[in-house]
Amino acid sequence: MLLAPVFSMKLQHKIIPRMVAIGKYDGKHPCLTAATTANKVFIHNPHTRIGNYSGRLETGQLSADISLLNINQQVSSVTCGSLDESSRDKLFVGTPTNLLAYDVENNSDLFYKEMPDGVNSLLIGNLGTNNTRLVLAGGNCSIQGFNKEGNDEFWTVTGDNVCSMALVDFNGDGFNELLVGSEDFDIRVFKDDEIIAEMTETEAVTSLYPLYGTRFGYALSNGTVGVYDRSARYWRIKSKNQAVTIHSFDLDDDGVPELITGWSNGKVDGRSDRTGEVVFKQNLSSAIAGVLDADYRMDGKNQLIVCSMDGEVKGFVPVIENKNPVVELNAQQDVMHLMMQQKNGLLLEVSNYKQNTKVVDELTEGADVPTSASSIPANTQLQTSLIVVTGDENSLSCVELTVRTTNDTIIKCIIMFAEGIFDGESYVVHPQENNLSNSVQIPIYIPKDIQVDLHIKALVGYKGSSQFHVFELTRQLPRFALYELCGDKYAQPNSFVKFDIKERVNRVVLWANQSFLLVSDVAAVNGELDLKFFAVRTQKPLHLHFSATGEVTIHSNDMDLVGNIIQSLASFLAIQDLQSVVEFPDQIEELKAILIKVDELHAVRERLTAEMADHSNLIRNLVIRAEDSRLMLDMKNMRRGYIELFALNTDLLNGYKIRCTNHEELLKYLKIVNQTIQKAGNLRVGKFKTLVITGCRNAIKTNDFAALAKIIKYGV
């Protein structure tokens, strides 16, 4: 597949990565919009001129086609779209403290919202069954949605800082679900404000983009790009370069868009959504900042538009048929090269088969087996076992995986592939030559409670073998692997959760045996199940009690752990709605202290803002007085005025530093508050979880801590 360049521009503005959009601000003409490193947003409009510059907009000095929007803050996100029935798009700019909705055509603000959680990502569209279009702002562990009047119509919390968002019909019900990628490596799927699916990746999820139907693409900060269909991954690839942004564009006009990726080395490639095979690639002179598509030439056909960080913009259109003989010759050479590689691989495989046949013949004739024999007994098998190893002062707790063969063959090397537990995606064990045996022990350090599939590949043979057999198997690591059963001699936690389920205890026993790493299966006694664990990672006790009447009590001082257990149990038993009574006194007191600290930080911030405004007015007056003295040749008063101006400016800079420190502290505490609300929500399921999150948010807005504590405890 070839892309033909149809236009190229150099806009003379540095573009911030992932902050590029195209909007039709007058309803007709597409305008390229991007954030610059100078805390401004430029709008490139080669079609018509914006005549009114009395507001925020000002004309660019380098090009008459460029208008500049002064933000005067660090820009953290940019998008554009319409929140009403109008065809005119509006511009939305997010900063670490505010969200600006701007009408470019009329050069006026629509609304300006203070965002204590900041704005890391912006998205416009319809969420779920809500017919109102919203601008969704993802920030510090929270997501807010605003309508065209700037009213807050949606709010929920997520596990970590939001990096990316996308709207996809994830479950095929005809309504959009919200996909959220965050810094804790998770892709969460929200149906309205309820999480219906989670996929754990290996790094922060920097980009999400819908393809078609239930498929969507994703990119990670470690250079991984891939495609999901619902919660099943279709394919993924990893590069040494960073995938800055992803997009979808139909290159071959077959109705199925390909996944377009812009890379940090200036490369742009398109991959098949089915296989990940590269179908086209182009290169720009610097790192890619954004990839979009629009009818920018107004000729009735969309172009693929690529922007670099240096301000270079290129537009491409796909060329379905290309009869260039040079191109056809290069394609034939590529095919020949691929076929030669396949031929050499097959010849090497034939050579190995011949050597193995020779060894088998020697064995048949009764000759001694040579030391270089590659054949192993036909009944050779690979076995695995898992045990929990408690750490001490010099070592960390882990799960020890033992891989062994069933005879005297040795294990030369083991390669394991897993997600979320290694520093990367694979782990290689290569025993020393003098320590080769039929058994290898591998410690696995698990950072959090996740269910992991360990894909194991082992090279098996004899010590003198020149060729080894590859064994492949998969072993599942339970979600709650780092928990050991213990006796009665342990301190009962003072925090607990109680709820009722209408299920037979045998099904709960089945869940426990599958979810925990147990030496032997547990069983119910007199219709009840009582399990006491010790968390080897956190050194905290855990007590699970399931009565014959269906009452469940979970004792633990770790609210996050209890929430994970409840969500896992509800998923296994297919429970749609679950209410619970919660008692976490330590966490409630900690939350109370944090909210008091947040109020103090808000008060300090308001005082600093007022002082900065007063200083700004004084500076304006001092500048006028000093300039008047200069014009009247009153050097003494001019010098005095500039000395006062210098001192006042120094105070202003110091106040700004204090305000930055205050803002960082505020973000840290707000993150804890949002995470606590999410943990409280995870102690319930379904509609009760939604009620808790909504109720907690309303209680915080009204500064009613008593109501907040009651909602966390009783769920209402």
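What is the mean pLDDT of the chain, and what share of its residues reach 70 or more? The mean is 87, and 92% of the residues reach 70 or more. The legends below describe close-up views of this predicted model.

**View 1. Strand β7 and its partner β8.**
Strand β7 covers residues 77–81 and pairs with strand β8 (residues 90–94) in the antiparallel sense over five bridges. Ser 77 stands opposite Gly 94 in β8. Five of the five residues of β7 are buried, so the strand is largely enclosed by the rest of the structure. Both of its faces are covered: one side carries Ser 77, Thr 79 and Gly 81, the other Val 78 and Cys 80, and all are buried. Thr 79 has a relative accessible area of 13%, which is under the 20% limit, and is therefore buried. Beyond its neighbours within four places in sequence, Thr 79 is in contact with Ala 21, Lys 90, Leu 91, Phe 92, Leu 122, Leu 123 and Ile 124.

Most residues other than glycine have a negative phi. Asn 107, in the loop between β9 (98–103) and β10 (108–114), has a positive phi near 55°. Its relative accessibility is 6%, so Asn 107 counts as buried. Cys 141 sits in the loop between β12 (134–138) and β13 (142–146). Its phi is also positive, about 65°, although Cys 141 is not a glycine. Cys 141 is buried, with a relative accessible area of 0%.

**View 2. The four-stranded sheet β15-β16-β17-β18.**
This open sheet has four strands in the order β15-β16-β17-β18, with antiparallel pairing. β15 (162–168) and β18 (194–200) stand at the edges; each has a single partner strand, so one side of each is left without a neighbour in the sheet. From one strand to the next the twist averages 20°. Strand β17 (residues 186–191) is joined to β18 by six bridges, and the two run antiparallel. Within this pair, Lys 191 stands opposite Glu 194 in β18.

An unreviewed UniProt entry places "domain: Ciliary BBSome complex subunit 2 middle region" at residues 164–271. In the model this span is 62% strand and 0% helix, and its end C-alpha atoms lie 21 Å apart. Strand β25 (residues 267–271) pairs with strand β26 (residues 278–283) in the antiparallel sense over five bridges. Lys 267 stands opposite Asn 283 in β26. The hairpin has six residues between its strands, and Gly 276 takes a positive phi near 85°.

Over residues 367–372 pLDDT stays under 50. The model has nine contacts for this stretch beyond four places in sequence. Where pLDDT is low, the predicted coordinates should not be read in detail.

Lys 498 stands opposite Val 581 in β42. Helix α2 covers residues 505–515, and its buried residues include Val 505, Val 508, Val 509, Trp 511 and Ala 512. Residues three or four places apart in an α-helix point the same way, because there are 3.6 residues a turn. The buried residues of α2 pack against β39 (529–535), β40 (540–546) and α3 (559–573).

Helix α4 has 47 residues (585–631) and, at 1.5 Å a residue, should span 69 Å. Its end C-alpha atoms are 69 Å apart, which agrees. Leu 633, which follows α4, has a positive phi near 60°. An unreviewed UniProt entry places "domain: BBS2 C-terminal helix bundle" at residues 687–713. This stretch is 89% helix and 0% strand in the model, with its end C-alpha atoms 16 Å apart.

Conventions
Residues are numbered from 1 along each chain as its sequence is written. This is a predicted model: local features need pLDDT of at least 70, side-chain atom pairs count only at pLDDT 80 or more; totals for chains, interfaces and linings use all residues. Side-chain values use heavy atoms; hydrogens and water are left out. UniProt positions are given in the numbering used here, feature names are shortened, and annotations may be inferred rather than shown by experiment. The expected span of a helix is 1.5 Å times one less than its number of residues. pLDDT is the predictor's confidence in each residue, from 0 to 100. Contact means heavy atoms within 4.5 Å. Two strands pair if DSSP finds at least two bridges between them. Buried means under 20% relative accessible area, exposed over 50%, partly exposed in between (1.4 Å probe, protein chains only). Axes are lines fitted to C-alpha atoms, for helices over the stretch in contact, and angles run from 0 to 180 degrees between N-to-C directions.
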